[in-house]
Structure formats: structure tokens, C-alpha cells
Amino acid sequence: MKTMNLPIILTWMRVAMIPLVIALYYLPTEWMGVHLRDTIGAIAFIVAALTDWFDGWLARRWNQTSSFGAFLDPVADKLMVCAALLILLDLSRLDSFIALIIIGRELTISALREWMATIGARDSVAVHWLGKLKTTAQMVAIPCLMFAQTWQGIPFYQVGQVLIYVAAILTVWSMFYYMRKAWPIIRKQA
């Protein structure tokens, strides 16, 4: 298959990790204990987040970008984040309103980008530094909340709580940014 290359394989690996991480949280806690489970879950999320950065870097560096990769990469990211948020909700480590804000924004902006692509205006809602900052805050907050322990004097749960609220604020801000950029085109199309 021509579209199979290392960056796409890494993206598929990220997708495959999602059910494995979810399954980890369905195992009886007696099997490994909460601390070990949370440590493994946080590490798995960090590995997945790093492959997100690495597969994009490799694709650009090796000139292996493809339309399939451009489609699959954000889908893998959103699945990964949504699955982790649902796990955190189940563990009562995340407020449902924050999860709703983040998941709602992801659905809204994905739909907006898809629609803008169909009318040939996808570049008007291209990724902006604000969206990258939101993603960074999210990708640091989530494993901190999954780990939820103090280690080396660092209270990871509290750090995660602060960062998830920062991510939620950036989520709303970036959504309004993208909607404002698209609004003239939306009005013209309507």
C-alpha cells in the first residue's frame, strides 16, 4: 500500500493504543493496584502524545505527507483525547463541564474544517498557534490527571487540574478564533 509509511504506522499505533489504555482501566484494581494502573495509563498517553508530534515531524522531514495521513492524524488525536477524558470522568478526576467544552470544541472545529474543505476554503481555518497551545496544555494536563500522584515533590493531580482549566479556556478561545475566521465565508455561502 503506497500510503503505508512510518509516520502513518505510528498514527495507527496511536489508534491501537486507545482500546488498550481503556482496557487497562477496566481491569480489577486488585490485579495491579491503582497506582501502577495510573502510572501505566499516564505513560501510555505520553507515548501516544509523543508519537503525535513525531509522526508529523517525520512525514514533513521525509516528505511523506499524504492526504490520508492528514486525515488520520487529527482523528487519532481526537479519539485519544476523548477516550482519556472519558476515563478521567469515570475516575471522577475531571468535571463533566470541562470534558463537554473540550469534546464539543473538537467536534465543532472538525466539522467546520471538513465543511470548509468541501468548499475549497480549508486554509482559512488552518491550525493556528492558539490551537497548538491548547493542544499542548491538554496533552500535559491529561497524563497529570491520569497519574494523579505526588512524585519527586510534584503534585501531578493539582498541576493537571490547573492545566485542564487553562486548556478549557484556550479551547473556547481557539474555537471563537476559528469561527471568526470562517464567518465571512459561512455568511457568503449561506
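This is a predicted model: local features need pLDDT of at least 70, side-chain atom pairs count only at pLDDT 80 or more; totals for chains, interfaces and linings use all residues.

Biologist: Which surface patch does I9 belong to?
Modeller: I9 is part of a nonpolar patch on the surface, along with M4, L6, W12, M13 and W62. Together these residues have about 570 Å² of accessible area.

Biologist: Nice. Switching to pockets: what's the volume of the largest pocket?
Modeller: The largest pocket holds about 1500 Å³ of space. Its lining is made up of 42 residues, and the ones closest to the centre are D52, D73, P74, D77 and V127.

Biologist: Which elements give two or more residues to that lining?
Modeller: Those are α1 (6-24), α3 (34-61), α4 (67-90), α5 (96-118) and α6 (129-147).

Biologist: How do the lining residues of the largest pocket divide by class?
Modeller: There are 18 nonpolar, 11 polar and 13 charged residues in the lining of the largest pocket.

Biologist: OK, what about the second largest pocket, what volume does that have?
Modeller: The second largest pocket comes to about 170 Å³. Its lining consists of T39, A42, I43, I46, V140, P143, C144, F147, W151 and F156.

Biologist: Which helices supply at least two residues each there?
Modeller: For the second largest pocket, α3 and α6 each do that.

Biologist: And the classes in that lining?
Modeller: The second largest pocket is lined by 9 nonpolar residues and 1 polar residue, with no charged ones.

Biologist: Which residues line the largest cavity?
Modeller: R14, M17, I18 and V21 do, together with A44, F45, A48, M80, A83, A84, I87 and M146. The elements giving two or more residues to this lining are α1, α3 and α4.

Biologist: What's the class make-up of the cavity lining?
Modeller: The lining of the largest cavity has 11 nonpolar residues and 1 charged residue, and no polar ones.

Biologist: Great, that's what I was after. Thanks!

Note on methods: Residues are numbered from 1 along each chain as its sequence is written. Side-chain values use heavy atoms; hydrogens and water are left out. On a 1 Å grid over the protein atoms alone, a cavity is a set of points where a 1.4 Å probe fits but cannot get out, and a pocket is an open set with protein on both sides within 12 Å along at least five of seven lines; lining residues have an atom within 4 Å of a point. Grid points are joined across faces, edges and corners, and a volume is the space filled by probe spheres set on the points. Helices (H or I, at least four residues) and strands (E, at least two) are DSSP runs, numbered from the N terminus. Ala, Val, Leu, Ile, Met, Phe, Trp, Tyr, Cys and Pro count as nonpolar, Asp, Glu, Lys and Arg as charged, and the others, Gly among them, as polar. Patches are made of residues with over 30% relative accessible area and no salt bridge: like charges are joined within 9 Å, nonpolar side chains (Val, Leu, Ile, Met, Phe, Trp, Tyr) within 5 Å. Accessible areas come from the Shrake-Rupley method with a 1.4 Å probe; for residues, only the protein chains shown count as cover. A salt bridge is a side-chain nitrogen of Lys or Arg within 4 Å of a carboxyl oxygen of Asp or Glu.
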